[in-house]
Amino acid sequence: MVFAIKEINENPRLLPNVTLGFRIYDSYLNPRWTYQATLQLLSPWNKFVPNYRCDSQDNLSAIIEGFFSAASSLIPSVLGMYKIPQLSYGYSSLTTEDSKFVSLYQMVPNEALQYKGILHLLLHFNWVWVGFFDGINMNSEWFMKNMVPEFSRNGICFDFIDTAYKNGMDNDFRELKKWLWKVYDKLMKTQANVLIFYGDPHSMLIFRRLIIIITYRDHFQKPKGEVWLLTAHQEIKALPSIRNWSTQYFHGALSVAIHSNEVPGFQEFLLRRSPYNSKGDDFLQDIWALAFSCVFPSSFLRNSQYFISTGNCTGEEKLENLPQLYLETSMTGHSYIIYNAVYVVAHALHAMYLSKASRTMTDGKRKRVQNFQPWQLHHFLSDVSFNNTAGEKVSLVQNEELEGIFDVINWVSLPNQSFTKQKVGSIDLQAPADQTVSINEDIILWDHWFKQRRPHSVCTESCYPGYRKKKKEGEPFCCYDCAPCPEGKISAQKDMADCSECTGDHYPNTEQNFCIPKVVTFLSYEEPLGISLALISLLFSLITALVLGLFGKHHNTPIVKANNRSLTYTLLLSLFLSFLSALLFIGQPEKVICHLRQTAFGIIFSMAVSSVLAKTVTVVLAFLATKPGSHWRNWVGKRLAKSIVLSCTLTQAVICGLWLVVSPPFPDADMHSFTEEIILNCNEGSDIMFYCVLGYMGFLATASFSVAIPARKLPDIFNEAKFITFSMLVFCSVWLSFVPTYLSTKGKYMVAVEVFSILASSAGLLGFIFLPKCYIIILKPELNHRGHLIRRKH
């Protein structure tokens with residue numbers, strides 16, 4: 001304040017010909033003295049007569065106050081009655097920001113913003129388990145109601161929330177000792193490595209005294225190292241008279257301090273101060289005496305039993321030799337706010353005087369000053385905006401939330417029991433989320449307990465990827481067990497509340513901490529199974545073609561002509577197509593392929609089975625027609641056989657056509673049958689239609705088998721029925737085995753089962769019906785004539 005007023009009075013452009021003065025009153029951290037000092041401001045100089053004004057030279061313009069205690073928070077209501085502008089840099093509870101205090105201008109961010117700054121600091125360092133001490137007469141109820149839920153929403157838990165000290169305990173030694181034990185027990189047993197202390201400088205001084213009593217007088221073990229987080233109004237200071245207090249316990253503390261900047265000329269001004277060149281500044285002598293442990297002749301400390309003097313003060317002592325613990329040579333946050341507050345008042349006064357000068361030029365400036373009333377300054381205070389000597393813009397905010405910009409200060413204890421502090425970063429609550437906190441961790445000095453590694457403060461160590469947090473009953477949500485993820489789920493990050501499933505095209509790895517892409521697979525020509533089935537299909541197709549060619553070459557021989565030559569060719573052609581249809585099931589499924597697979601297979605197989613049925617019926621009717629007078633002779637002929645083949649094949653074609661219209665097969669990806677694979681296959685569309693196709697083929701096969709069984713005992717001239725019986729036995733056995741095997745397999749192996757069934761049943765028909773005939777045609781051609789085929793009964 002003195003430095004700012006000196007600059008203003010020496011500035012010819014700001015309040016020319018006007019000299020600013022000031023009065024300083026100490027609250028002594030006592031509400032009673034605070035109220036008395038407030039009323040003294042409303043009294044004449046050197047007289048305690050509130051509400052009277054006797055000296056025209058003593059014109060009160062504004063009050064710059066720094067009440068740090070909640071007990072003093074009602075002072076603005078006293079001063080507000082006079083509408084005196086109040087610029088506050090001290091305790092900022094929500095009650096003092098109420099709109100009814102129209103005379104109050106808050107110069108520092110309120111408590112809520114300070115705690116949000118601490119919250120962001122905790123999140124930056126990933127400190128989620130903290131302890132909390134509040135000081136004397138602080139508004140802890142507001143903290144519990146408003147800030148604890150806010151901390152919880154951001155994942156911060158409190159190991160404890162307690163009061164560091166209560167007024168009146170020092171009057172009862174038993175109560176004090178009991179409380180000391182309680183505080184010591186919390187400090188020793190807490191798992192939290194980060195402790196928040198919320199209070200004013202007086203509370204911090206008392207709390208430090210308690211720590212000293214605990215660790216030295218009672219010879220208790222020193223509490224383990226912690227990181228103390230301090231709010232903006234706290235400073236770890238000590239009086240020179242108690243310089244033997246240990247400072248190690250707060251080594252490495254961090255404080256969210258009011259933003260400040262270096263003001264040119266301040267340090268030089270401060271170091272040139274002397275008790276003999278500071279007229280009217282009685283505070284300086286007391287500060288000088290305390291700092292250098294000396295006394296002045298008129299000092300009240302001369303008779304103090306608590307003050308140890310080393311002699312008389314000479315005034316030649318050097319302030320720069322004092323440790324930072326006793327003298328802060330740089331401008332602190334509070335000093336910076338006071339400096340700006342003085343300039344705010346000066347600029348408002350300057351604007352008001354210019355406004356009056358524009359209205360009248362008749363009165364002298366001194367008369368305008370004498371007629372000035374403090375309430376007139378409010379209009380001009382609200383419009384103040386300027387750049388201070390540090391180059392920062394300064395404006396005044398009334399009943400509104402200030403910008404939340406803080407400096408992060410690291411407190412470091414030195415061997416001489418003094419402290420030094422260093423700015424290690426900043427917090428800007430208006431900045432984007434990823435730029436809110438800016439910390440240079442390389443220059444932070446932590447408590448020796450942490451061996452210069454970043455401290456961590458958690459209730460439970462992090463759950464590694466592959467595990468999830470499992471809440472402990474009766475414990476805060478920050479305390480949990482780590483449980484492995486259920487099968488099929490993963491957690492890719494630490495401290496996941498729950499595990500998540502991989503997407504359909506991925507599967508968990510063994511550790512269940514990330515997802516692996518599934519391999520896309522299908523029955524292809526590039527794998528042994530697919531190649532084998534394809535080669536078998538082509539081989540049997542070739543054999544069928546050779547048989548068909550052999551029969552064509554011996555077209556007019558009796559063995560080819562026997563039992564309806566057209567049916568023989570139809571059966572061979574359908575078997576040839578059946579072997580080739582198996583190739584539709586190999587390769588990547590596509591829309592056209594999916595449409596053709598089952599329908600082509602169903603129609604071709606129906607043609608083959610209906611041809612066998614027609615052959616069997618032809619054999620039976622031919623035998624029956626040989627009996628004298630049999631009416632079955634009318635049924636014997638090619639027309640009946642063709643009708644059977646056409647009607648049975650067309651019926652299956654109608655079923656397949658209906659299937660394609662109602663719910664056609666389509667390409668699909670099976671992501672669930674196998675953990676590590678995606679199976680590309682053809683979805684049948686309608687399972688009912690699929691089993692209708694199979695069922696109809698089964699019906700034809702059963703009919704053929706039923707007719708062929710009694711026909712096998714016919715005379716040798718009709719012995720083809722025996723081969724049909726064996727072929728249909730193989731056919732039915734294959735397809736009866738197909739159904740349970742098909743339903744019990746998954747993925748591409750279902751396709752392989754169906755291909756194998758097609759090949760096996762087709763091969764059975766080809767082998768049992770045509771192999772004997774090929775044997776006669778190729779190896780026994782002498783048997784291929786009518787004389788040897790007809791045997792007469794004796």
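**Note on the helical core, the ring pairs and some local details**

1. **F770.** Setting aside neighbours within four places in sequence, F770 is in contact with V547, F551, T568, L571, L572, L575 and L765. Contact here means heavy atoms within 4.5 Å. This is a predicted model: local features need pLDDT of at least 70, side-chain atom pairs count only at pLDDT 80 or more, and totals for chains, interfaces and linings use all residues. Residues are numbered from 1 along each chain as its sequence is written, and side-chain values use heavy atoms, with hydrogens and water left out.

2. **Overall figures.** The protein has 21 helices and 22 strands. Both are DSSP runs numbered from the N terminus: helices are H or I with at least four residues, strands are E with at least two. Of its 794 residues, 48% count as buried. Buried means under 20% relative accessible area, exposed means over 50%, and partly exposed lies in between (1.4 Å probe, protein chains only). The accessible surface comes to about 40,200 Å², and carbon and sulfur atoms hold 57% of that. Areas are by the Shrake-Rupley method with a 1.4 Å probe; for residues, only the protein chains shown count as cover. Among contacts with a separation of 6 or more, 68% are between residues 24 or more positions apart.

3. **The largest core.** The largest nonpolar core has 61 residues. Such a core is a set of buried Ala, Val, Leu, Ile, Met, Phe, Trp, Tyr and Cys residues joined through side-chain atoms within 4.5 Å. F551, F601, M728, F731, W735 and F770 have the most contacts inside this core. The elements giving two or more residues to this core are α13 (528-553), α14 (558-561), α15 (565-581), α16 (591-625), α17 (638-662), α18 (687-711), α19 and α20. Helix α20 gives the largest share, 14 residues. Another core lies apart from this one; it has 56 residues, among them F3, L15, I338 and F386.

4. **Ring pairs.** The whole structure holds 36 aromatic pairs. Rings of Phe, Tyr and Trp (its six-membered ring) pair if their centres lie within 6.5 Å; planes under 30 degrees apart count as stacked, over 60 as edge-to-face and the rest as tilted. Take F726 and F768: the ring centres are 6.1 Å apart and the planes are at 25°, so this pair is stacked. F726 lies in helix α19 (residues 720-744) and F768 in helix α20 (residues 748-779), so the pair ties together parts 42 residues apart in sequence.

5. **F731 and W735.** This pair is tilted, at 6.4 Å centre to centre with 50° between the planes. Both residues lie in helix α19, four residues apart, about one turn of the helix. Buried or exposed? F731 is buried, and so is W735. Ring pairs also link these two into a cluster with F601, F605, W659, F690, Y691, F738 and Y742.

6. **A charge over a ring.** K469 lies over the face of Y480, 4.9 Å from the ring centre. The test is NZ of Lys or CZ of Arg within 6 Å of the ring centre and within 35 degrees of the ring normal.

7. **Strand β7.** What covers this strand's two faces? V227 and L229 on one side of β7 (residues 227-230), and W228 and L230 on the other, are all buried. Strand β6 (residues 194-198) pairs with β7 in the parallel sense over four bridges. Two strands pair if DSSP finds at least two bridges between them. Strand β8 (residues 253-258) also runs parallel to β7, joined by two bridges.

8. **L584.** This residue sits in the loop between α15 and α16. L584 is partly exposed, at 21% relative accessibility. Beyond its neighbours within four places in sequence, L584 is in contact with I593, L596, R597 and A600. A534 is 50 residues from L584 in sequence and 9.8 Å away in space, C-alpha to C-alpha.

9. **Positive phi.** N126 has phi near 60°, a positive value in a residue other than glycine. N126 lies in the loop between α4 (111-125) and β4 (129-134) and is exposed, with a relative accessible area of 52%. Q512 also has a positive phi, of about 60°, although it is not a glycine. Its place is in the loop between β18 (506-508) and β19 (515-517). Q512 is buried, at 17% relative accessible area.
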